[in-house]
Amino acid sequence: MEGFKYNQYLRSVKLYRDEVESFDTYPFCLDAVNNLFTLEFHPKVTFIVGENGTGKSTILEAIATAYGFNPEGGTKNFNFSTMSTHSDLYKYLKLIKGVRRPEDGFFFRAESFYNVATNIEELDKHGIGARIIDSYGGISLHEQSHGESFLAVFLNRFRGRGLYILDEPEAALSPSRQMTMLSRLHQLVQEDSQFIIATHSPIIMAYPDSIIYELKGGFRKREYRDTEHYQITKEFVNNTERMLDVIMK
Ligand SMILES: Nc1ncnc2c1ncn2[C@@H]1O[C@H](COP(=O)(O)OP(=O)(O)OP(=O)(O)O)[C@@H](O)[C@H]1O
Ligand SMILES: [Mg+2]
């Protein structure tokens, strides 16, 4: 994406293909990896969308880990680990950073958010000084509904001038709360933040000042209305009876 003049935090990611022994095995066999050369990020919002299993979480985790985030999510200060299924893809990535460094950052993974919430409680139980949960709105993330706890993170913990890597942020959010999320995203972008987001949500991916990569045999740049997610959702909403007939035949 030549021509971007913004001072973004992450400009692109490059795969050291020469160092990959085989593209036949995980994670190198995935669409998201075996066609990856250099992926350019939008200075504001980059979406990665595509079918289940195409490798969105794998690539996001590797980018976040290469950047210094905990592979299971959180800020750079988290280093808990509950599983050891993380791929070593991050070792093969080169991140091209911008001249400015972010003042805030978060790797948000819907699938392991529970562990982040538990880790905050444990740290606060043994910690001295300011409680970590206070920067998340003050209420235990386990004592809120799934969606409420997601929003608590976006609304309270994300402070702007940040690099935010989000994997399915919509997972627990109702359609109207996804719009709240969109509005928060816009605020944070205006406060000099950069986002990289894997999503299945046609609402979230509607954010206009963005680039959408659809994974389909590699990363393809797509206009919002040309994405499969948008078209399938639109078709379903506009022609529900007909679609149900087809699906249930
Ligand atoms: N630890 C692992 N070992 C081997 N294969 C794995 C491992 N983790 C994931 N995979 C494989 O990699 C593929 C991509 O997984 P990934 O979680 O990156 O997909 P995704 O695009 O995020 O999908 P979704 O939309 O469902 O979240 C999966 O189909 C799975 O077969
Ligand atoms: Mg995923």
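Start with Tyr-213, whose bridge partner in S9 is Lys-221. Keep in mind that what you are looking at is a predicted model. The two strands involved here, S8 and S9, run antiparallel to each other and share 4 bridges. They make a hairpin with 3 residues between them. Look in that turn for Gly-217, which has a positive phi of about 60°.

Now go back to Tyr-213 and look at what else it faces: Ile-48 stands opposite this tyrosine of S8. Strand S3, residues 45–50, pairs with strand S8, residues 210–215, in the parallel sense over 6 bridges. In general, strands of a sheet pair through backbone hydrogen bonds, and the pairing may be parallel or antiparallel.

Zoom out and you get an open sheet of 6 strands, in the order S5-S6-S7-S3-S8-S9, with mixed pairing. Its edges are strand S5 (104–109) and strand S9 (219–222), each of which pairs on one side only. From one strand to the next, the twist averages 15°. Packed on this sheet is helix H5, residues 175–190, which touches S3, strand S6 (162–167) and strand S7 (194–198). The direction of H5 makes about 150° with that of S7.

There is another sheet to visit. This open sheet has 3 strands, ordered S2-S1-S4, and the pairing is antiparallel. Why is one side of strand S2 (38–40) and of strand S4 (93–97) left without a neighbour in the sheet? Both stand at the edges, each with a single partner strand, so one side of each has no neighbour there. Neighbouring strands of this sheet are turned by 20° against each other on average, direction ignored. Strand S1 (residues 10–15) and S4 pair in the antiparallel sense over 5 bridges. To find your bearings in that pair, pick Leu-10, which stands opposite Lys-97 in S4. Helix H2, residues 56–67, lies across S1 and S4 and runs at about 65° to S4.

A couple of backbone details deserve a click. As a rule, most residues other than glycine have a negative phi, and most peptide bonds are trans. With that in mind, check the bond joining Tyr-26 and Pro-27: this peptide bond is cis, with omega about 0°. Pro-27 is found in the loop between S1 and helix H1 (31–34). Then try Glu-168, a residue other than glycine with a positive phi, near 50°. Glu-168 has its place in the loop between S6 and H5.

One of its polar side-chain atoms lies 3.1 Å from an oxygen atom of ligand 1. On its own, ligand 1 has 640 Å² of accessible area, and the protein covers 60% of that.

Notes:
Residues are numbered from 1 along each chain as its sequence is written. Chains are lettered from A and ligands numbered from 1 in the order in which they are written. This is a predicted model: local features need pLDDT of at least 70, side-chain atom pairs count only at pLDDT 80 or more; totals for chains, interfaces and linings use all residues. Side-chain values use heavy atoms; hydrogens and water are left out. A polar contact is a pair of N or O atoms within 3.5 Å; within protein, one must be able to donate a hydrogen and the other to accept it, and residues adjacent in sequence count only if both atoms are side-chain atoms. Accessible areas come from the Shrake-Rupley method with a 1.4 Å probe; for residues, only the protein chains shown count as cover. Two strands pair if DSSP finds at least two bridges between them. Axes are lines fitted to C-alpha atoms, for helices over the stretch in contact, and angles run from 0 to 180 degrees between N-to-C directions. Contact means heavy atoms within 4.5 Å.
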